[in-house]
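Subject: Structure handover

Hello,

Here is the structure we talked about. Please open it alongside this note; what I found follows below.

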Amino acid sequence: MSKEFIKGNEAMAEAAVRGGCRFFAGYPITPQNDIPEYLSKRLFEVGGTFIQGESEIASINMVYGVAATGVRSMTSSSSPGLALKSEGISFIAGSRIPAVIINVARGGPALGTIQGAQQDYFASAKAIAPGGFRCFVVSPSTVQEAADLVYEAFEIADKYRTPVYVLTDGVIGNMMEIVELPPMRDPEEMLSSDAWRITKYNDDSSARQFSTYRPTGEMLTVDNIAMAELYEEWQEKEQRWEAFMMEDAEVVLTAYGSAGRIAKSAVKELRAQGIKAGLIRPITLFPFPNKAYENINYDKIDKIFVVEMSIPPQFVYDVELATKSQLDYININTSGGVIVETESIVDKVKESM
Amino acid sequence: MEKIYERPSFTSPAIGMGFCPGCSHSTAHKLMAQALDKYGLRDKAVLIYPVGCGGLGKDWVRLNNIVALHGRAAAVGTAIKKCNPENIVISYQGDGDLAAIGMAETMHAANRGENLTVIFINNTNFGMTGGQMAPTTLLGQRTTTSPDGRDIERHGAPFKMAELIAELDAPKFVGRFALHDAKNVIKAQAAIDKAIRMQVEGKGYSFVELISLCPTNWKLNPVDSAKRVEKEILKEYPLGIFKDFE
Amino acid sequence: MPKIEVNKEFCKSCGLCTVQCPKKIIKIGSEVNSKGYNIAEQTDESQCTGCKLCAIVCPDTAITVYK
């Protein structure tokens, strides 16, 4: 397998194609434009289809329609665009249709900034849209991980018939790194089961209907119990995280996504200065990796440094839940649009020790 | 004795359609079903339903169907057709759906010349939500949100969707028909047949607007509703074929 | 002899067939279906020409025509 020096957005786009993506619809918004630009040529080379939608809303609805026919489909956008897409994501989740959504987030609220940001934590992991549904949410810290997660996202989406949401930002999207791209999957091998998708109508048993309206609360209850069970299954089986230098850690940091890689540098720097630091870096934001925090030695450790590029902080609430409020939570946070610096993390940790 | 007119195959034989008495959604469903039966396309058809009364049809048809978000049927249909060209994709939409919230998707799908059949139910109001003013509401027409009648100063003039779409370069067949009497139903049937046949032949985008009865929200019985179409609506919305590239 | 058959459960009593019939031999009858609609009926079968117009205008495809 060859290694390539490639930009995050393009790596995710190529990984999507290799993961079987054959349909993309999107609308221009910075800082994710490389994804549609790349796919507008690349998808046609592999017999796929690309559409530049007339709007964010049209684009997510194109994904909704074509994903219902079993074609692996993706859209990407950035924070304000995701707000427009939210109703469509709700339909995809409510109809139990697989799809992949990339948010190369920017600072918010509203237009905010285009620089690196983590202001979309709640909007991605908690409440993408009204209705109480969740996506399977992952957040990469490196370009390699971004490519790997997008590649795998299509498998997860098909396995659970769910939208998979990749939350990243301009830091990862616009960074170039050396990446080993995953192999090309044969789309013939991964056409998802005919049991649910729109195929040819043969008789009444093969007629597919996608509709999220339920005339009675009892009918909705059945769907929603199934949804809750799905999320429990994820909590059990799918929590992912990286525990970096945690074995002997006396100082614990936690961060995800682009802040996660900076916190990692801070841990290395602290170690170089003789401080036994470690990092818990969630990779899945939903299901949140509670298990990662169970291994903390609560007899010895009484505080955790939560690094996040969001003001006010958001991610810290999940950390507090996962650690059952047993620690002091020290936020090291910058606003979306301001990249948190290794030095400031190191200084804050040393100051609070 | 021979049956010379019977129920088309895609509507359920067991249950009648649940639209109100005299509602043209039922008529439009019948015509779509007859066209698909005529060309033997039921197995390949994908019906895109809107949000609104039209979406209720899903409970009585027996073929693949998908309910789009409000106004987005043309976008959903675009993608399904592009990735599955063998499917016969019909985007079935009402006037709130197609001409208000979904105007962008409607116009762009038409302007791209997608190989789709769009069936547009124009009953001059938002039916399901209780008869509010729609983009197609006639001047002077009283609705629950234009209680003094639609006023051009306050609300603007009615949208003439068929004429608007016929102005674009890409659409191949655009026309307005009515469903209030048998003579007009026969013409509408011919238009729907043609629109679907053109899709089969890959000829491109077709748009069939159907002036429809909504007796419940018009607060008229079905027979008087049919008279209203003849007397009032057809003056504002002339029938005819506005574009035919065949 | 042409005739029509009205599916009693599908008829919603809308009356469009009654105004459409050129011979004026369809009316809303007194028989009521399970949904509470009075059912359309043919009053004089001998005059039916099998023109199908009633069936064509019927929104609910409640009418089958024989010839």
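This is a predicted model: local features need pLDDT of at least 70, side-chain atom pairs count only at pLDDT 80 or more; totals for chains, interfaces and linings use all residues.

**Which chains touch**

Chains A and C do not touch. Their nearest C-alpha atoms are 19 Å apart.

**Chain A against chain B**

Here 32 residues of chain A are in contact with 26 residues of chain B. On the chain A side, five elements each supply at least two residues: β2 (23-26), β3 (49-52), α3 (56-67), α4 (79-94) and β9 (209-210). The most comes from α3(A), with seven residues. By class, this side of chain A has 16 nonpolar, 11 polar and five charged residues.

β9(A) is joined by two bridges to strand β3 of chain B, residues 64-67. The two strands run parallel. If you want a place to start looking, take F210(A): its bridge partner in β3(B) is I66(B).

**Chain B against chain C**

This contact takes 26 residues from chain B and 22 residues from chain C. On the chain B side, the elements that give two or more residues are β1 (3-5), α1 (24-39), α7 (182-200) and α9 (222-236). α1(B) gives the most, with four residues. The residues on this side of chain B divide into 13 nonpolar, seven polar and six charged.

Strand pairing turns up here as well. β1(B) pairs with strand β4 of chain C, residues 63-66, over two bridges. The sense of this pairing is antiparallel. Y5(B) has V65(C) as its bridge partner in β4(C).

**Chain A on its own**

Chain A has 12 helices and 15 strands. Its C-alpha atoms fill a box of roughly 70 × 50 × 40 Å, taken along the principal axes. How does the radius of gyration of chain A compare with that of a compact globule? With 353 residues, such a globule would have a value near 20 Å; chain A has 20 Å, so the two agree. Buried residues make up 52% of the 353 residues in chain A. Then there is the contact pattern. Among contacts in chain A between residues at least 6 apart in sequence, 80% join residues at least 24 apart.

**The five-stranded sheet in chain A**

One open sheet in chain A is worth a look. Five strands form it, in the order β10-β12-β11-β14-β15, with mixed pairing. The edge strands are β10 (241-244) and β15 (328-333) of chain A, and each pairs on one side only. Neighbouring strands are turned by 20 degrees against each other on average, direction ignored.

Within the sheet, β11(A) (residues 251-254) and β14(A) (residues 303-308) pair in the parallel sense over three bridges. There, V252(A) has I304(A) as its bridge partner in β14(A).

Two helices of chain A pack on this sheet:

- α9(A), residues 257-272, touches β10, β11, β12 (277-282) and β14 of chain A. Its direction makes about 170 degrees with that of β12(A).
- α12(A), residues 342-352, touches β11, β12, β14 and β15 of chain A. Its direction makes about 155 degrees with that of β15(A).

Best wishes

How values were computed:
Residues are numbered from 1 along each chain as its sequence is written. Chains are lettered from A and ligands numbered from 1 in the order in which they are written. Two residues are in contact if their C-beta atoms, placed from the backbone, lie within 7 Å. Ala, Val, Leu, Ile, Met, Phe, Trp, Tyr, Cys and Pro count as nonpolar, Asp, Glu, Lys and Arg as charged, and the others, Gly among them, as polar. Two strands pair if DSSP finds at least two bridges between them. The radius of gyration is taken over C-alpha atoms; the globule rule is 2.2 Å times the number of residues to the power 0.38. A residue is buried if 20 or more other C-beta atoms lie within 10 Å of its own, exposed if 12 or fewer, and partly exposed in between; C-beta atoms are placed from the backbone. Axes are lines fitted to C-alpha atoms, for helices over the stretch in contact, and angles run from 0 to 180 degrees between N-to-C directions.
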